[in-house]
Amino acid sequence: MNDDIKKELNKIYKLTGIKLSIENEDEVSISALKKISTAYKEKYSSANILLNMLNGIYPAKEQAHALQSLNIKPDTKMRLYLIYVPTKIDETIKKIITSLFPGRSSEYLCSLDSTHLCFLYLGEDNIAHPLLDVIETEGMTVAYIAYSDIFSDTSLLQKEYLDLRQALLISEIFYSDKKLISPNDLGTGELIYNIPRPVCEKFLKRHFGGVIDDESMQLATTFIHHNLSIAETSRYMHMHRNTLVYRLEQIEKKYGIDIKTFEGADIFNIAILITNFLKVKNNE
């Protein structure tokens, strides 16, 4: 038998444990045998196993074996990172991440789709900040990262992933200026996201007649963002203090809510979050 064919068959045997025999060498090409090895490596690579774990592909009986295939020692502390790049993820982004965290860490990086990557980092450190910095500076693209708490039970991978996916979605609706997101820091946005739509609409109708006009919402957002400070808000908006006070009073006359008080600002803040939430729901 041709020596090259023997080598490829031996590789396949080492990878799969399956011995193949060839009767007619003329009907078999080296490239075809190499494709078998490559396909097997890809299917059973740590990255592909991780992807299947996140998506819940494995039946309960196969899950334990799949977890063992990841070759992660028991009680290893780790964090999961879900990376979202709105433009598109290419090989450059992947290389940037693997060069920052070389070695076995690169085995736990998998593509979910054209804009999302998942990275399982073995270690207790929170690498969200350096990860975001290197992607944006070297990849020259905007990125958003949701990160988990530390965990050591690999059977929790899918749960952690689903929590991160929801955290990214909630953050995109309510906190679009945030680039680093933890499921623990979603605040009122998470609460509103899980409130039935009719209840949200009832709240707006009761306090604002159904909708807040854009001008009032923009001013209220800026005022709340600057901690209800007349001085800070007027400075930021390049507006005279008296003009700002007048406009805030007009909002109070229109809706019957004094946004200058904590209670009034709280109602407005919830209403703004609900309005953003309903806009997304209406566009779905």
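Start by selecting Glu160 together with Leu80, Ser148 and Phe151, which are the residues that Glu160 contacts (heavy atoms within 4.5 Å) once its neighbours within four places in sequence are left aside. The model in your viewer is a predicted one, in which local features need pLDDT of at least 70 and side-chain atom pairs count only at pLDDT 80 or more, while totals for chains, interfaces and linings use all residues. Residues are numbered from 1 along each chain as its sequence is written, and side-chain values use heavy atoms, with hydrogens and water left out.

Glu160 is found in helix α7, residues 157–174; helices here are DSSP runs of H or I with at least four residues, strands are runs of E with at least two, and both are numbered from the N terminus. Glu160 is buried yet has no salt bridge, and the nearest side chain of opposite charge, Lys159, is 4.7 Å away. Buried means under 20% relative accessible area, exposed means over 50%, and partly exposed lies in between, with a 1.4 Å probe and protein chains only. A salt bridge requires a side-chain nitrogen of Lys or Arg within 4 Å of a carboxyl oxygen of Asp or Glu; for charge, Lys and Arg count as positive and Asp and Glu as negative, whereas His and the chain ends are not counted.

Next, select Lys159 and Asp163, which form a salt bridge with their closest N and O atoms 3.0 Å apart. Both residues lie in helix α7, four residues apart, about one turn of the helix. Lys159 is partly exposed at 46% relative accessible area, and Asp163 is also partly exposed, at 31%.

Then move to Lys260, whose side chain meets that of Glu252 in a salt bridge at 3.8 Å, N to O, and which also pairs with Asp258, where the closest N and O atoms are 3.1 Å apart. Through these shared partners, Glu252, Asp258 and Lys260 are joined into one network. By the salt-bridge rule, the count comes to nine.

Finally, select helix α6, residues 128–138, and display Ala128, Leu131, Leu132, Val134 and Ile135, which are buried. Seen down the axis of α6, the buried residues fall within an arc of 170° (taken from the directions from the helix axis to the C-beta atoms), so they line one face of the helix. These buried residues pack against β1 (78–84), α5 (91–100), β3 (116–122), β4 (144–147) and β5 (180–181). Turn the view to the face away from the buried side, which carries the exposed residues His129 and Thr137. Following α6 is Met140, whose phi is positive, near 50°.
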